[in-house]
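The following note is intended for a colleague who is meeting this structure for the first time. Please read the numbered points with the model open beside them.

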Amino acid sequence: MSAVDDAELARLQADADAAEAALRLAQATAALATARAEAARAEAAHGEAGDAPAAAAPAVAPPAPTDAAASGPLDAGQVAAIAKGYAFDALTLDLGALVNTDPLPAVQIRIPLAMMNRHGLVAGATGTGKTRTLQGLAEQLAAKGVPVFAADMKGDLSGVATPGEPNEKLRARTAAIGQDWAPAASVTEYFALGGVGAGVPVRATVSAFGPLLLSKVLGLNETQESSLGLVFHYADANGLALVDLSDLRAVLSWLTSDEGKAELKDLGGLSAATAGVILRTLITFADDGADVFFGEPEFDVRDFLRTASDGRGVISLLEVPGVADKPALFSTFLMYLLAELFDVLPEVGDLDKPKLVFFFDEAHLLFRDASKAFVSAITQTVRLIRSKGVGVFFVTQTPKDVPSDVLGQLGSRVQHALRAFTPDDAKALRAAVSTYPKSGYDLERVLQELGTGEAIVTVMSEKGAPTPVAWTRLRAPQGLMSPSPAPEIDRAVHASPLLAKYGTAIDRESAREILTAKMNAAAEAEAAAEQAKAQEQAAKELARQQAAVAKADAAGERERQKEYDRIMRSTGGTTRTTRTSRARESSPLEKVLNSRSTQTILNSVIRGVFGNGRR
């Protein structure tokens, strides 16, 4: 043994690995032949050529391993390397079987369950099978006790709650990839944004939503976003709860009023023009029906981390067909839920399985027209939420829909077919190919030739290294691959224990009521001040009028006095009245002369003088 050096040991080990790979390849081809024979018999039994499974073909003799390798893009060594790269010891999720022209059921492509919190991407053009991939992953996660959250954009994910319907085509396909398929239903909870649609209402307060996410929804520019942040700061500092959009409008109106302008003076103030733009946008936003998503009771995201009594994880489906015309709100609301999970969950490090896997469907809507601050916030959340035990899978059409800083945080990738109908599509295709590790495939060609339900896969191994690139025919979901019947969804919603907690909206005292009372008080004080001012003005006017009357009276008195003085001067100090009065008054002499005795004497004298007196 001492003569055998390390190089010889390595060569022997390589030979052993190659032999093992050849054995597995032979088993795979034999299984494929068996599956094809079964499919052919099923086709013959039904006698309907039009219903023949896509994978069905006439039974053929199993080719030799070398022939099988030669018939596909990969040789036996490459197949063996892929089989070894996906052979994990711990619990896994089965994605499907390796394809080397035909599927090789002995070479299963898997994701380690513990690596599901390292995030991932499911991408592909419309109709390539992304939704079915998402459904299959969700079913397996839930079966292994991991809660799942997923947004159901079109409503067809609801079939996860209903057992699938078998048919010959399905059985032939699953047999060809080594899947022991059986119909099964998962424990499912339905939610709806603001109660719009079938599901337990999911609401958020405006305060919890925050200025950054709300700015993204409203389409505000950086200046307006900064101003909105100032408004949130003021509301928080002054104990003004922003529960719904009317609360935010009330704060904006207050801060631009004569009474409230001074409140932000030390913080730079709020431009009336900017506030006006935000107010108009909020009014339009509310008129479009978005106000129902904001309010109380606020949803506790920890209710997504529930398991059933039998230990299976609960699949939480956010039903959003009712808000499909509000894509920005939908995608941003998902980001809010993810941010809330980051805030409320404790640090747990690396676990044997995630506490929750969050599927972020239609991710391109989230990043469209997003500000740098918004993308930075998402990147930070995705980077750090792994340590909270939460895995995030973005589901979108092309990898270029997701910013490179976010893509850099993703560990697993399931890439369905890409189309290249335009120069921009071809450029995006080449960019996607350049991001893959070196492989034996001509990826630029293969990515355009993938069939429905097939994908190019690479995941993060248990050691944290990427696995070999594998062309994979994906497993079929065990639930219904179409929407569950509406009556069943309604029954599930009404039976939910969460309906009593979130079903009825609450309208408590918040910023609107507080500021309305404050503004009413200010208006009453202003009215009282106006009334006091009016009374003061009336009193002044009355005093002025009285002064004018007194002045007029005084002037009249002076005029009368002047006239009196003039008359007195013109009559020498006497008047007819005084003369008459004086005539009426008699002096003592007059009284003597006028007496009867004097008159008798005078008469006698006069008669004597004139000679006419009696003798």
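1. Helix α18 is followed by Gly572, whose phi is positive, near 65°. Helices (H or I, at least four residues) and strands (E, at least two) are DSSP runs, numbered from the N terminus. α18 itself covers residues 511–570, 60 residues in all, and reaches 86 Å from its first C-alpha to its last, close to the 88 Å expected at 1.5 Å a residue. That expected span is 1.5 Å times one less than the number of residues in the helix.

2. The model is predicted: local features need pLDDT of at least 70 and side-chain atom pairs count only at pLDDT 80 or more, whereas totals for chains, interfaces and linings use all residues. Residues are numbered from 1 along each chain as its sequence is written, and side-chain values use heavy atoms, with hydrogens and water left out.

3. An open sheet is formed by 12 strands in the order β2-β1-β12-β11-β10-β3-β9-β8-β4-β7-β5-β6, with mixed pairing. Two strands count as paired if DSSP finds at least two bridges between them. The edges are taken by β2 (102–112) and β6 (200–202), each with a single partner strand, so one side of each is left without a neighbour in the sheet.

4. Within this sheet, strand β11 (residues 454–458) pairs in the antiparallel sense with β10 over three bridges and with β12 (residues 470–474) over four bridges. Ile456 of β11 is the bridge partner of Gln415, and Trp471 in β12 is the bridge partner of Ile456. β12 also runs antiparallel to β1 (residues 92–100), to which three bridges join it; here the bridge partner of Gly96 is Leu474.

5. Is β11 buried or exposed? Five of its five residues are buried, meaning under 20% relative accessible area (1.4 Å probe, protein chains only). Glu454, Ile456 and Thr458 point one way from the strand, and Ala455 and Val457 the other way.

6. The largest pocket has a volume of about 640 Å³. Of the 30 residues that line it, the closest to its centre are Leu121, Pro399, Leu407, Arg413 and Thr435. The elements giving two or more residues to this lining are β10 (412–415) and α14 (423–434), and the largest share, five residues, comes from α14. (On a 1 Å grid over the protein atoms alone, a pocket is an open set of points where a 1.4 Å probe fits, with protein on both sides within 12 Å along at least five of seven lines; lining residues have an atom within 4 Å of a point. The volume is the space filled by probe spheres set on the points, which are joined across faces, edges and corners.)

Terms used. Buried means under 20% relative accessible area, exposed over 50%, partly exposed in between (1.4 Å probe, protein chains only).
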